[in-house]
Amino acid sequence: MVHKSSTSRRGFLKSALVAGAGLTIIPRHVLGGRGFLAPSDHLTKAIIGVGGMGRGHIPYEGTRVVAVCDVDRLHLEKAKSMINHDVKTFGDFREVLQLPEVDIVHIATPPHWHGIMAVEAAKAGKDIWCEKPMTRTIGEGKKVMEAVNAHGRMFRLNTWFRFKDTFYGLGTDVKPLKKIIDSGILGWPLKVTVSGVTGYDWKFFWSGKHNLAPMPVPEHLDYDMWLGPAPYRPYNPERVHANFRGYWDYDGGGLGDMGQHYLDPVQYLLGKDDTCPVSIEVDAPQQHYDAVGSWRRITYTYADGCRVILDGENKDKDAAYIEGPHGKIYRGFRSDIPNLQDLVKTLPDPEPQITVFSESVQTRKKFALNETNGFYSSTLVNLGIVAVRLGRSLQFDPVKLKFIDDEGANRLISQPMRASWSI
Amino acid sequence: MKVRIYQLITTLVLALVISTTFAQDRRTPETRIADALAQMPAGNLVHLERVMGELADLGPEGFTKLSQMLVAPGTGDDTAVRFAINSLARYSSAFGREESRRMVEKGLIASLVSHKDNEVRTFLLNQLNLVGSNHSVVAVKKYLSEEAMTEPAAQALVAIATRDAAKALFQALSGAGDASRVTLVRSLGELRFEESVKTISTFSGSANQDLRKATLAALANIGHPDSYKLLLKAARDANFEYKPSNATESFLVYANRLGERGEMNECRNALKAIIKYTQSEGKLHNHAVVLSLYARHFDNEAMPLLLKAVDSGNKEFRYAALNVAQNSGGASATRQWIAKAESAPAAVRAEIIDMLGRRGDELAVEFVRSNLNEASQEVRKDAIEALVKLQGQDAVPVLIDHLVKGKDPEVSKNALLQLISRKHLAPLASRMKETSGATRAVIIDAVAARGGNAWFDEIFAVTGSENADERNAAFNALKNISTAANLDALIELLLSAEDEKEVQQVQLAVVEAAKSVEAEQTENGKLLSALKTTDKKERIISILPEIGGDVALETVTEYFNSSNGRLKEVAFEALTGWKDYNAAASLYKITESSTGDYRSKAFSSFVRQVRTADLPDDQKLLQYRKIMPYASGAADQRLVISAIGNLKTFLSMVYLEQYIDNRELQQSAARSIMRIALPDSDGKNNLSGQKVRDLLQRVALVISGEESDYDKINIQNYLERMPKEEGFVSMFNGKNLDGWQGLVGNPITRTKMSKEELAKKQEEANGKMYENWAVKDNTIVFNGKGDNLCSVKEYGDFEMVVDWRITKGGDSGLYLRGSPQVQIWDTALTNVGAEVGSGGLYNNQKNPSKPLKVADNQVGEWNTFRISMTGENVTVYLNGELVVDNVPLENYWDRSNPIFGKGFIELQAHGSDLAFRDIYVKEINTDEIGLTEVEKAEGFVSLFNGMNLDGWQGNKTDYFARNGELVVQPARGGQGNLFTEKEYSDFIFRFEFQLTPGANNGLGIRAPLSGDAAYTGMELQILDNTAPVYANLADYQYHGSVYGIIPAKRGFLRPVGEWNEQEVVADGSRITITLNGNVILDGDLVEASKNGTVDKRDHPGLLREKGFIGFLGHGSELKFRNIRVKDLIR
């Protein structure tokens, strides 16, 4: 453990706090009471984790950054240089959560921190904007869902294809797809194939390296805090920053990185926002205990027979994106149903969703992708990860949220956290 | 071969097969471990299961041996061992593997003792998280007292989760330091070990913040009534605010745990305490927790609290309560909420109605509906939205009536759009007449949104309305409801409309109406006809890009060239916005001949049109290179560079090299080069070779920006696995004629010259070369006189790319292996037949000499050849189009013989000026066909060159080479088998094969050239196991079996028609066969035959030490490829 650098970090923090002392941002809720914000008002936010991803959160519209937090001094300096007003800087997110002037906390750390930080932010009464994947275990996801609900917080998971933007190879947003599926034209049950053929890249380059040699921790990084709840492993630059997705302790490779992007809209389309598959079949090479490897195929089956197939090797050359007994929709919104696009026009629109987070924060109506449906889509990802890691197919009980007849798999639902961290 | 169905014998020997073929594994444990480790990581789960099964069979001693190979990080490579141990734990954690789980558990514990390194011991303890059981408790316990081991040991015990595990953690508490205590306390909390409450409580006053936090959390988790005071005090000390000690949260958790444990009085007291202390604004989120806990543990008792909560002035808190209310209570709760809403102020009333909608209890329908008439707009809005949720399509009539009343047009519209499909349009549209203004506009919007073209006339009439809302809606609707039948009316409106926005709306509608009408693309189209007569030409011209067609294009180009002012600008915009590639020629001319704005806009439009055109990549690159000189600045150049990044061709990458050192263009160029060279998302379509490597290394050095760290990793990963081949090599340095020489005679006359004579003539020819050939502007040019320009090097099989350009009347070509020629000529030379296009093998007499299609660019423009020559066959792509498809090039100099095996590449000169640029060649070494880099390094050689049967003997009639494959077609009338020319004793033989239904062949090994190889040597069966005719074979007759001796495992052949990969290792008497990554046979010949062979036949060849490898065909069609061998004796 690296206690040596934490003294210097403290020193650094102190000076940062002094520098920010002249700040006079008055939080909106002090002025008008929370939840009474005029739409033109800026909400205040703090960003935890200002690596490449977190720095991207600085400019979101309708919000103003008042604090940034990172365990790497270089990240903090860079983030600070990008913000043209005074901003407080921190190395420990718990200090950020105690700031009364912060309305929203953005969590842009590696995924092994998401669960704890989201729960702590809810306890502190903050609204939460969390990067995907929501959590890296099913157990942590459940805790986030419960804490956010119990404390009445607004939560946004940061993937957006269920409500806007062209959806990868489909060449459309999900709205017309949702209309078609809800209309029953395709029949039931449906099969969805997510692969290069249907327009998705599984990013297997997020594979970790084996046999890493211990290296000295750089002076600017608080490695013990970077690891946080993750198991202690000797430092090696391969683990941290841009590379962390290749290690099971922090994320789950391409599936962790892209899975929720790809699967959350599928879950929405299939109307599975409050349930899970009952079986997960997997075809993959043997996995390393630490470094993430690739996989060939993951097949999820729901109780009603709907299936979601993740085809990692693009084996199904003619695969439709969505296939039902009465019709198929292919990449690029092609279909074997004649004049489908014209038909879409005649169908009712799906239920509208709140798609601007500041609107959720102000109206207190749930964001389109929130702690509940977000939990279920991250669970979809995590079920795949457990099956790939164990190298076997699994049966799952969507009500109890437990695997059936598989103690090994159940021991991966909530993975241990390194003390003093717990959730 | 050898499918002889002796049913009787089969049955008789079955018992024998079982007893003799599963011969005992005589390998030592060390060997078995080494063999297993060599297979880490296993490629698939079936293979993994098998190897794990083998490791599990080794027992605890074997496991200990395995774990002894673990090393501390940084001191060696134990990757395979860690793969094995971890996978074994995972394997053993599955249902029904109790026995191997016990073995692994024992093994892990035994290994822990023998390792000193903490990281290694942590690794071993971590495995117990998966397989640990109560048996491990005693052993794991002792690690709790070592501070560095407390965490992994405690984690293992938490996973084990038995009472003994908890006791062990508890006992370790005494004597532990603070750091260990934090872990132990947390773990006891997770296991909810009640006996520890008293002891843990003593830490609540610790000076160590982490320990205090862990203590409170653990006590909360355990939820014992005795902890009440302590936890409440801690929360009060924290002022019920968020503090890193989590004291407040611990008390909230505690309250819940009391409820879960059935301590209802304490639970209620705790909740009341929380309410008391969390009344102030900043703590209401903690107060909110009480509401959900009340609802969870006391059900209806929560109602008064929830009802009271919505009286709060804090919206967040009200919503927290309403979210709880959404899912709790039954019909009586719904009634209470209705009553509450009736007496609440408008804002809260609206919020309750919103909740009732989400709650979905139909009991609320009537109440919600009655709110449609409320004075508050907020209430009405939420009532409309709630009604949609409660009633679905049943709400449509009510909502239409409400809409018609005119109060909430926008909200009603949004609601209706969620509910109506086409069948609802008639009742909605029928209300159009009785409404006006904004309400009428909404009806028009909704009809249009569902494509209600039956109401075109009615809506069209509204375009003349005086009311702005109605008018806007009607114009806006036209594009959704117009069909070809409405074209006349729309054109008339187009030319009469006055408002610019309205004109735009009509234009969109005209496009919709006209786009599927073919006549609109001709002279007689209604639009083109109207264009001639109207004075509002701009309105029609700007539509034409969407309609398309040659006539329209000519017309618009003409307006651009011949008019001025606004009309010229509109024509220009039309050309830049043309819907397909057809306008590119016009845009190029504008770029070339104009300046300023026209030039730069035409430039970017040209690039866009090329980018979206359906053209081969080679052609796109030529177009981009053509326009590049007219770039108005770096922005234009970057546009082209990034467009080239989409072209996955070698020349595209090479072209971008010049920009990588240009400061302004560097980043675009670097990203484009990376995109071109790296594989697509499906892992394919990547470039390789030394040039690619050099460029990517430069890219990695210069690339910067937000995501560039990822890019660098990608590049590095790719470079690591990129084949080490040379790839394309430049034949022309762009500066001089190095690498080229003058031509002397022809391949035949040259062989007749003496060395001295040839050298002398070569010198003369080299001198003369400079009179006729020169380098100008990075191209090789010819002045119209003299001989061919000849490469210094000779080439056998190769691929090449080259750009060429001819002038009017040009006639040239490329000689391959010193022989004419891939034709280049001006297609206007019809007197010599040039109208067929360039690229053909002009001098062929027996084989096709003409190209498959004309793919030439205009004379004076550049063209790209991609040529490959393998054996005698040549394939040519011209500008990305296939023009010669694998055609033999005949020997022009000696028609009685096939083409030479190698020779010069020559640029032909034929009395006209011409130019070449970007000449690259990649040599193909057929000796290495099918070999991976690893195999080359390991000493494998390729046995089949893909072109002919050099190196083989025997039946070369039924066996022949085609398209790089060894094809077997017995119908050709040959006899016998095909054998290698050389003999092999111990070897690794790898090959791929593709079966046809019912196919039967065999791989002979250590066989003599005569006799029945299955007996005089050995035969490894090759067979379509799935064919019905083979349903009743003996085990030892199926695919992979050593025929008659050792049966192979079945089930690993890919479906018939797919390629299979097989490896045969013959090492002394041991034969191992791996099919598609699965070991299907691993046996010892001596062992298997010591009591006689299972087929009861004499196998004199069984113990032959060496012989030929061969394919033993028996009447079936099939194919082989990538055949390679490593001789283990050499």
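Reader: Buried means under 20% relative accessible area, exposed over 50%, partly exposed in between (1.4 Å probe, protein chains only). Which is B:Ser292, buried or exposed?

Author: B:Ser292 is buried, because its relative accessible area is 16%. This is a predicted model, where local features need pLDDT of at least 70, side-chain atom pairs count only at pLDDT 80 or more, and totals for chains, interfaces and linings use all residues. Residues are numbered from 1 along each chain as written, chains are lettered from A and ligands numbered from 1 in written order, and side-chain values use heavy atoms, without hydrogens or water.

Reader: Where is B:Ser292 found, and what does B:Ser292 touch?

Author: B:Ser292 is in helix α17 (residues 284-298) of chain B; helices are DSSP runs of H or I, at least four residues. Leaving aside residues up to four places away in sequence, B:Ser292 touches A:Ala150 and B:Val324, touching being heavy atoms within 4.5 Å.

Reader: New topic. At what angle do α14 and α16 of chain B pack?

Author: Helix α14 (residues 228-237) of chain B packs at about 10 degrees to helix α16 (residues 264-277) of chain B, with axes 12 Å apart. So α14(B) is roughly parallel to α16(B), a term for angles under 35 degrees.

Reader: Which residues of α14(B) meet α16(B)?

Author: B:Tyr228, B:Leu232 and B:Arg236 do, and their partners in α16(B) include B:Ala270 and B:Ala273.

Reader: And what does B:Phe251 touch?

Author: Among others, B:Tyr228, B:Leu232, B:Ala270 and B:Ala273, again not counting residues up to four places away in sequence.

Definitions and conventions: Axes fitted to C-alpha atoms, helices over the stretch in contact; angles between N-to-C directions. Helix = DSSP H or I, 4+ residues; strand = E, 2+ residues; numbered from the N terminus. Parallel < 35°, antiparallel > 145°, perpendicular 65-115°, else oblique.
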